[in-house]
Structures are given as C-alpha cells and as structure tokens.
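Hello,

Please find the structure below. My notes follow it.

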Amino acid sequence: MPFLNKLIFPLLLLAASAKAQNNSFTSISPGDTEQDIIYKAAHVTPSPRQLRWQQLELTAFFHFGINTFTNEEWGDGKEDISQFNPTELSAEQWVKTVKDAGIKQVIITAKHHDGFCLWPSRFTEYGIKNTPYKNGKGDIVKEVANACKKYGVGFGIYLSPWDRNSAYYGDSVKYNTYFENQLTELLSNYGKVDEVWFDGANGEGPNGKKQVYDFNSWYKLIRKLQPQAVIAIQGPDVRWVGTETGKGRLTEWSVLPVDEQQEKKIADASQKDVMVKPVVYKAGEDLGSRDRLKGAKGLVWYPAETDVSIRPRWFYHRAEDAKVKSGQELLNIYFTSIGRNSLLLLNIPPDTRGLISDSDVKALKDWAQLRESLFKNNLLKEFTVQCTNGINNRMLVGDQRSFWTTKGKDSTAVIEFDSSAPVSFNVLQLREDITKGQRIEKFSLQCLKDGKWIEITAGTTVGYKRLLSFKPVTSGKIRLLIESSRFNPTLTNVGLFKSDITP
C-alpha cells in the first residue's frame with residue numbers, strides 16, 4: 001500500500017496541474033453562495049501563455065516608423081515616406097540594449113495609425129518597400145525577429161487597427177479582410193510570435209463611417225497561426241491597467257468578474273480557452289474585491305499590463321533627449337508596476353539613425369544596476385522561520401517550484417523570522433504562487449520593539465509580485481501577518497532588502 005500511494009500521489013498532482021492549466025475562466029451558478037463565489041475566485045488560474053507572460057516581468061515597446069522622421073506622434077497617412085531612411089539601423093543594438101537591462105520580450109510597431117508598414121506588405125504600397133531604406137529591400141520586422149532569436153528574447157508585434165492611409169478603412173467588411181491579410185503576413189513569415197498587441201484606436205474612414213473591427217475573427221486567426229501568443233490589450237489574455245504613467249493600482253486583482261452577456265460569450269467560445277475580450281464588470285480603483293464579485297456571472301483570469309515611455313512621448317524626438325527618465329525614476333516605476341501585480345511594458349523608441357540613443361542606453365544601464373544592487377541579497381536568508389500552521393517554510397529560497405501554505409482550511413497565518421543579529425531594511429517583497437490562484441487579501445509586516453510588535457507596512461493584494469518601500473528599520477525579530485485570504489494563502493518568496501536609494 002505505501003508503494004501504491006507513492007505511485008498514485010504524483011499522478012494526482014499531474015492531474016491537478018493539467019486541470020489548473022485550463023482554469024482561467026469559471027461560471028457562477030445561480031445557486032452559488034457568496035462563499036462559493038469566493039472559493040471559485042481563489043481557484044481561477046492563468047493559462048500557460050498568461051503565466052509565461054507574467055513571469056517575463058519586463059517587456060519593451062519599440063515605437064518606430066514614419067513618425068520618427070516627421071517628428072510627429074500620430075501621422076495622418078499622407079506623409080512623404082521618402083523621408084524614411086535610418087542609415088545606421090541595427091535591430092541587434094535595440095534588442096541587446098534591452099536584454100542587458102533585464103527586459104525579456106519586445107514588441108515592434110509593425111504598423112502605427114498612419115498605416116506605414118515596417119515590412120514589405122503585399123497589400124499596400126504605403127510602406128518600407130517604397131522608401132530609400134536598403135533601396136526598398138528592407139524588412140525591419142524581420143530584422144527585429146532575427147535579433148530576438150539571436151539574443152533569446154521574446155518577439156511581439158503591434159499592428160494598429162486604425163489605418164489612416166487605407167482607402168478601405170470605414171468599409172468594415174473590406175477593411176477587416178485587408179487587416180487579416182496583413183495580420184496573416186506577420187504571423188506566418190517571421191517565426192514564433194510571443195505577443196500580439198492591439199489598442200482600441202478608432203476613427204472615421206474616407207467614407208465618413210466609423211470602422212467596426214472584427215476582433216473575434218482576428219483572435220481566432222492568432223490562435224490558429226500562433227497559439228502560444230498572448231493577445232493584449234484589446235484582447236482576451238491581457239488588459240490595460242488604465243494609465244500610461246507607470247503606476248498600477250494599490251489593490252490589483254488578476255481575477256475579475258464578468259457580466260452575464262460576457263459570461264455567455266466566453267463560455268460559448270470555449271470552456272478551455274478564452275477567445276473573446278472580457279469586459280470588466282465594474283470599473284474603478286478596485287476591480288476584483290469581494291464586493292465586486294457579488295454580482296458576477298463569471299470569473300476570468302485577466303491580468304494587468306502597465307505601459308509607459310522612457311521619454312515624455314512614444315516616438316523619438318530629439319528635443320526630448322534631455323528628458324529621458326533616469327534610472328531612479330525607472331526604479332520607482334518598477335515598484336509601482338511590477339511591484340503592484342502588473343507587467344511593465346516600457347517604450348524605448350529608436351532615433352532617426354535607427355539606434356537606441358545614448359541617453360536612453362545610459363538610463364537603462366543605471367536602472368539595471370540599481371535593481372541588481374537592491375535585490376541581490378535577501379536579508380531574511382540569515383533568519384530562522386517559524387509558522388505554527390505553515391507547511392514548507394521554503395519561501396526564502398525564491399524557488400517557483402516550491403511554495404509555503406497553511407494547514408487544513410486556515411486562511412490566516414503568522415510567519416515569524418528570527419535572527420540574533422539585527423539587520424537594517426526598507427523594502428519588502430512578496431510573491432504568491434499564482435499557479436494555485438491569487439488569494440491574499442490583506443497582510444502586514446511587523447517588528448518587535450521594546451517588547452511590543454510594531455507595524456512597519458501593510459498592503460492588500462500580492463499576486464505575482466508585491467513590493468513595498470518604507471523608512472529604514474533595524475530589527476532581528478520580524479513577523480509577516482496574513483490577515484485575510486480567499487483560501488489557503490501561498491507564498492513562493494518573502495524578501496527584505498536594503499536600498500540607499502529608497503523608491
């Protein structure tokens with residue numbers, strides 16, 4: 001019998017894991033109690049593509065196109081494209097620069113709202129094939145894709161739904177066919193695509209009519225040609241956090257409620273793979289708390305992406321060379337995006353030479369060094385760990401394959417850290433095991449001072465990663481209180497760090 005148990009237990013784990021992979025959406029039944037809904041919310045998990053995306057933490061946008069040469073942000077599709085000639089362009093310099101900064105995936109603006117194509121599309125003349133660049137033989141999408149392969153960086157594309165040059169725009173049937181043809185080119189000719197990024201920019205066409213986008217058909221095409229790719233922001237996998245400041249919500253849930261209409265669309269499309277864009281049930285600062293879940297008809301894993309530019313605007317402008325965000329400013333953004341259960345998409349626009357400018361390169365290097373210095377030494381590694389109702393106190397190792405949780409049905413816990421040698425710290429890092437769900441609703445950090453436990457900092461959600469900074473504290477007796485959780489809480493990492501430059 002012991003041997004049989006040893007055999008069955010791993011099989012049960014594999015079965016549970018396989019089930020979890022398809023648990024990014026669940027329906028709410030009419031008879032479900034509030035407790036039932038919370039239980040279901042605690043067990044919604046990311047799809048494999050969403051999990052991979054979240055674990056990237058840092059991605060980059062390359063805004064580059066005819067706007068780079070006209071000194072504009074939004075072109076009207078009537079630009080003289082003979083201006084486009086980046087004589088020193090090096091996609092390898094772009095990709096290596098961001099990889100050195102710790103960025104793991106890039107997205108290239110294959111086509112912005114002006115309609116100018118960075119690849120030789122067969123379906124328009126308004127593109128790179130009719131410019132002086134490489135005598136019309138260039139393909140910058142291919143150059144970026146090849147550089148990503150060389151340096152082991154993920155590759156994504158942005159294809160603007162709005163095309164201000166196309167005569168088809170506003171004739172919804174014709175334009176949607178045109179758009180799918182271009183999307184097919186990008187998804188078929190450049191190897192593996194890891195992300196497809198849409199925004200909702202929309203306007204009137206030459207006929208005075210507003211274009212109606214066929215997003216659902218586009219999603220199906222992407223799933224068919226590049227099934228591993230996440231579809232963001234106007235897509236079923238990733239949502240926009242709602243601001244371009246680099247600041248996410250203080251309470252950020254990845255599990256969100258959907259209304260009856262959306263629940264039916266999602267369920268009808270597929271019980272295993274969300275194929276339509278979820279619509280958030282209610283808007284606001286708090287999207288997924290218990291109060292927000294009460295009226296839900298379904299629950300979906302729909303994580304947030306926080307996008308921001310390293311410069312004041314999105315395309316390169318020489319006048320902004322002295323306005324590049326510093327390494328310190330980027331570290332602040334790291335805390336308010338990734339440190340608030342989001343992924344950071346940082347825009348780094350190449351200049352008219354076709355290179356990432358020196359000022360941007362320096363800022364990225366400084367940022368990487370600040371992060372390296374701050375997070376290289378988890379001060380808690382020298383502490384002993386004790387939790388009376390805890391299982392597997394390996395949360396100091398930071399290994400995603402192991403996690404701490406509680407016994408039985410305990411949804412609260414006190415984790416004590418003890419050391420004979422006090423340490424000084426001013427940053428707390430927490431990480432949940434999101435493959436089990438997002439569960440922690442409230443936590444606090446305390447230290448023992450003069451025989452009393454004093455609160456240092458506190459927060460609500462954790463999710464993939466939570467970072468909090470505070471005034472420096474010196475102590476050898478610290479405890480983390482999980483004060484509220486939707487089910488047994490999990491942690492893959494608890495860290496305390498000391499920074500001379502506090503975010």
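Which residues does E320 touch, not counting residues up to four places away in sequence? E320 touches R311, P312, R313 and F315. Contact here means heavy atoms within 4.5 Å.

Before the rest, the ground rules. This is a predicted model, with residues numbered from 1 along each chain as its sequence is written. Local features need pLDDT of at least 70, side-chain atom pairs count only at pLDDT 80 or more, totals for chains, interfaces and linings use all residues, and side-chain values use heavy atoms, with hydrogens and water left out. Helices (H or I, at least four residues) and strands (E, at least two) are DSSP runs, numbered from the N terminus.

**Two loop glutamates**

E320 sits in the loop between strand 10 (304-309) and helix 11. Its relative accessible area is 6%, so E320 is buried. The cut-offs: buried is under 20% relative accessible area, exposed is over 50%, and partly exposed is in between (1.4 Å probe, protein chains only).

E204 is in the loop between strand 5 and helix 8. E204 has 59% relative accessibility and therefore counts as exposed. E204 touches Y169, K209 and K210, leaving aside residues up to four places away in sequence. W162 is 42 residues from E204 in sequence; C-alpha to C-alpha, the two are 9.3 Å apart in space.

Helix 7 covers residues 172-188, which is 17 residues. At 1.5 Å a residue it should span 24 Å, and its end C-alpha atoms are 24 Å apart, so the two agree. The expected span is 1.5 Å times one less than the number of residues.

Buried in helix 7 are Y175, N176, Y178, F179, Q182, L183, E185, L186 and L187. They pack against strand 3 (105-111), helix 6 (140-151), strand 4 (154-159), strand 5 (195-198) and helix 8 (215-225).

In helix 8, the buried residues are F215, W218, Y219, L221, I222 and R223. Their cover includes helix 3 (48-56), helix 7, strand 5 and strand 6 (230-233).

**Helices 11 and 12**

The axes of helix 11 (residues 327-336) and helix 12 (residues 358-375) come within 8 Å and cross at roughly 55 degrees. Helix 11 is therefore oblique to helix 12. (Under 35 degrees is roughly parallel, over 145 roughly antiparallel, 65 to 115 roughly perpendicular, the rest oblique. Axes are lines fitted to C-alpha atoms, for helices over the stretch in contact, with angles from 0 to 180 degrees between N-to-C directions.)

Helix 11 contributes G327, Q328, L330, L331, Y334 and F335 to the contact. Helix 12 contributes A363, D366, W367, L370, R371, L374 and F375.

Best wishes
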